[in-house]
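My entries follow the structure below.

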Amino acid sequence: MKFTLSWLKEHLETDAPLEAIAERLTMIGLEVEAVEDPRTVLAPFTVAEVVTAEQHPNADKLRLCTVRTGTAGEADLQIICGAPNARAGIKVVLARPGTTIPESGMVLKTGKIRGVESQGMMCSARELGLGDDHSGIIELPEGAPLGASLVDVMSFDPMIDIAITPNRPDCLGVRGIARDLAAAGLGTLKPLTVEPVPGAFDSPISVIHDTDADREACPMFVGRYIRGVKNGDSPQWVKDRLTAIGLRPISALVDVTNLISYEFARPLHVFDADKLTGHIHPRLARPGETILALDEKEYTLTAEDVGICDEAGPQAIGGVMGGLDTGCTETTVNVVLESALFDPRRIAATGRRLGIDSDARYRFERGVDPEGAIAGAEVATRLILDWCGGEPSHLVVAGAPPAWRTEVSLDPARVRALCGIDLDSRACRRILEDLGCEILAEDALGVLTVLRPSWRPDIAAEHDLIEEVARIHGFDRIPTVSLPRDPMPKPVLTGEQVRRVAARRALAARGLSECVTWSFLPKAHAEAFGGGQPALDLANPISSDLDAMRPSMLPNLATAAQRNADRGVPNAALFEVGPQFHGGEPGEQRMVAAALRAGQSGPRHWDAPPRPVDAFDAKADALAALAAAGAPVDSLQCGAEAPAWYHPGRSGALKLGPNVLAWFGEVHPGVLKTLDVKGPMVACEVVLDAVPAPKAKPTKARPLLKASAFQPVERDFAFVVDDGVAAETLVRAAKGADKALIADVSVFDVYQGDRLEAGKKSVAVCVTLQPTERTLTDDEIDAAGQKIVAAVTKATGGELRG
């Protein structure tokens with residue numbers, strides 16, 4: 001909603017400056033989106049006088065002017081101007097070098113035009129943003145003082161643009177905004193008296209509701225026939241006002257309707273009476289009826305749309321837009337003025353279906369004042385007679401305003417309870433009466449019975465009145481009260497949420513960057529990862545190549561890594577935590593943490609050269625995510641049962657008994673070819689849903705730290721085993737030899753070569769013995785070593801290497 005300051009002051013008696021008005025509007029819920037004050041932009045422009053104006057020596061259409069600035073001690077300026085009205089003796093608007101021209105945003109500089117220096121610019125109205133006139137430079141009055149700022153010799157009207165919430169249709173008119181400001185203490189609302197215009201004859205065109213359904217769609221239609229009008233230009237102040245808020249002046253008859261729509265939130269329409277056939281019938285349209293609207297587009301109506309019709313058919317889309325065939329032109333002599341009420345829901349539905357965004361629709365679908373139809377017609381009639389002449393008929397009124405009277409009770413104690421504002425019934429009464437409410441009664445406890453005004457359809461219950469009291473009193477005046485310091489409940493996360501967050505943090509801590517990719521992908525990619533079944537096909541994909549739900553996140557991560565490589569970032573380390581789908585029914589999905597690496601292990605470094613990423617990097621990522629999610633990683637077994645999209649022999653699975661918790665390894669080269677990405681790439685998929693829930697603990701306190709005061713002992717063992725024996729089997733056997741004494745077992749060397757038999761390998765482990773009761777003796781250490789050798793020999797069939 002846009003309006004000018006002078007327009008507001010026609011309804012509001014106030015001396016408040018523009019800044020105070022803008023601040024108060026926002027504080028009472030009418031948020032100011034923009035304030036355009038030409039004075040701030042035009043302050044650098046000054047009054048100057050053209051002393052001489054001669055022909056440019058090198059151009060026929062340019063004049064070389066000598067301009068006196070009026071500044072003491074400043075020499076006359078030489079300015080080249082192409083305006084036809086540039087001549088000696090006139091006062092002009094001068095822009096010196098360094099000034100910004102509002103129209104173009106250009107900073108003016110001294111320059112040469114056709115070889116002659118120009119030291120400034122004399123401006124037109126369009127260049128200053130004061131209109132569309134560019135036919136010549138502005139000629140100021142002869143009495144304008146030389147050197148004075150332009151803002152001191154011309155009057156400018158600031159424009160304010162506010163955001164209106166859907167519940168405030170009354171503030172879609174300047175009168176409603178002024179009423180709110182007056183209630184907020186920023187001035188006094190000027191009285192408004194609408195004097196009826198006496199009619200001179202009966203209207204030859206009547207208004208007829210054909211059915212009850214038509215009357216529900218258009219409850220009230222006020223019309224007036226005015227004959228003998230002369231349509232022309234509006235007064236200049238009207239043109240300036242409409243231009244300031246972004247409307248294009250058209251003609252006096254049309255400008256009347258726009259002016260009243262923005263001033264009183266009362267949309268109107270004017271028909272050329274000589275183009276109507278018979279009487280006016282506000283009715284529901286017949287399916288298939290068409291109308292050529294004022295925007296020169298043809299619309300087809302349905303039985304849900306309201307048409308303002310004559311005997312020939314629809315001549316306007318009720319509450320939305322008028323018709324072109326019966327629109328007023330400069331040849332219009334007789335007019336019919338329309339001031340009507342419409343069903344807001346029908347107007348909204350019609351506007352949406354037809355795609356028409358008009359000022360009338362914007363106001364009608366939010367609700368106009370049901371008591372304002374006759375007043376709007378009277379005000380418009382007066383303006384038409386003043387601007388266009390003519391003779392009015394008696395009003396033609398069909399229907400009546402819909403019931404709007406609503407009585408609401410307000411207990412001031414509720415204002416105190418809900419808003420913390422201590423206002424008595426007298427203060428509440430004052431605010432509500434300033435807003436137009438009528439106080440019907442007040443009981444002994446101060447409870448008010450309030451009749452809402454007809455222009456406030458949003459007031460329907462006590463909390464609405466409380467909001468109005470708090471809004472006008474001032475949200476900024478509500479006292480600040482700290483929340484009670486009672487113990488607050490701790491936020492509770494589900495086990496699934498905890499695992500998800502922990503896995504995300506663990507992977508990020510390992511240097512991977514999190515991605516959020518689509519939950520769908522091309523079907524060819526899905527088939528390469530075990531998907532592609534019809535249950536995962538999308539019936540209405542957002543793109544033709546994203547037509548299947550993802551059975552794995554790795555295709556999206558791989559293509560993301562390739563996009564990075566294409567842009568000069570070859571080393572990728574990406575992860576995502578999200579769902580993977582193996583069916584189309586609810587529950588047929590798994591929560592997975594997937595990670596993918598490509599390229600080198602890191603950038604070049606003087607201390608340690610980078611290496612290509614391998615399957616063990618992916619395994620480490622999987623173990624880190626599993627450990628963070630609470631999986632018993634020390635109890636996991638590593639198997640070779642990886643899915644087909646992993647490279648056989650360079651991949652594996654991490655299992656807990658028969659349950660697979662994760663897969664890891666190098667992505668199969670054939671799959672990379674299907675994805676059209678360059679390898680090698682390594683990846684892992686951790687199934688967070690498969691991680692077992694931790695066992696309930698008797699207490700949430702952390703267990704006591706059991707730190708030993710005795711020195712640990714490390715012993716190295718090398719065992720010769722068959723090359724098919726997994727190192728994990730050897731490590732488990734060593735750990736199980738004495739669980740109380742052995743703290744850790746780690747592999748530090750694997751050897752296969754000509755010093756061993758074919759089919760054999762040497763696996764060397766470091767065993768840490770941690771005593772807790774006393775320092776170990778040599779005999780105890782030797783006994784522990786014999787247990788370890790016996791346990792490994794039994795589990796693997798190997799022998800201690802000599």
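Are F717 and F719 buried or exposed? I looked up both, and F717 is buried, as is F719 (buried means under 20% relative accessible area, exposed over 50% and partly exposed in between, with a 1.4 Å probe and protein chains only).

I noted that this is a predicted model, in which local features need pLDDT of at least 70 and side-chain atom pairs count only at pLDDT 80 or more, while totals for chains, interfaces and linings use all residues. Residues are numbered from 1 along each chain as its sequence is written, and side-chain values use heavy atoms, with hydrogens and water left out.

I then turned to the aromatic pairs, of which the structure holds seven (rings of Phe, Tyr and Trp, the last by its six-membered ring, pair if their centres lie within 6.5 Å; planes under 30 degrees apart count as stacked, over 60 as edge-to-face and the rest as tilted).

Next I looked for charges over rings (NZ of Lys or CZ of Arg within 6 Å of the ring centre and within 35 degrees of the ring normal). R227 lies over the face of F201, 3.6 Å from the ring centre, and R366 lies over the face of Y362, at 3.7 Å from the ring centre.

Last, I checked L292, which counts as partly exposed because its relative accessibility is 31%.
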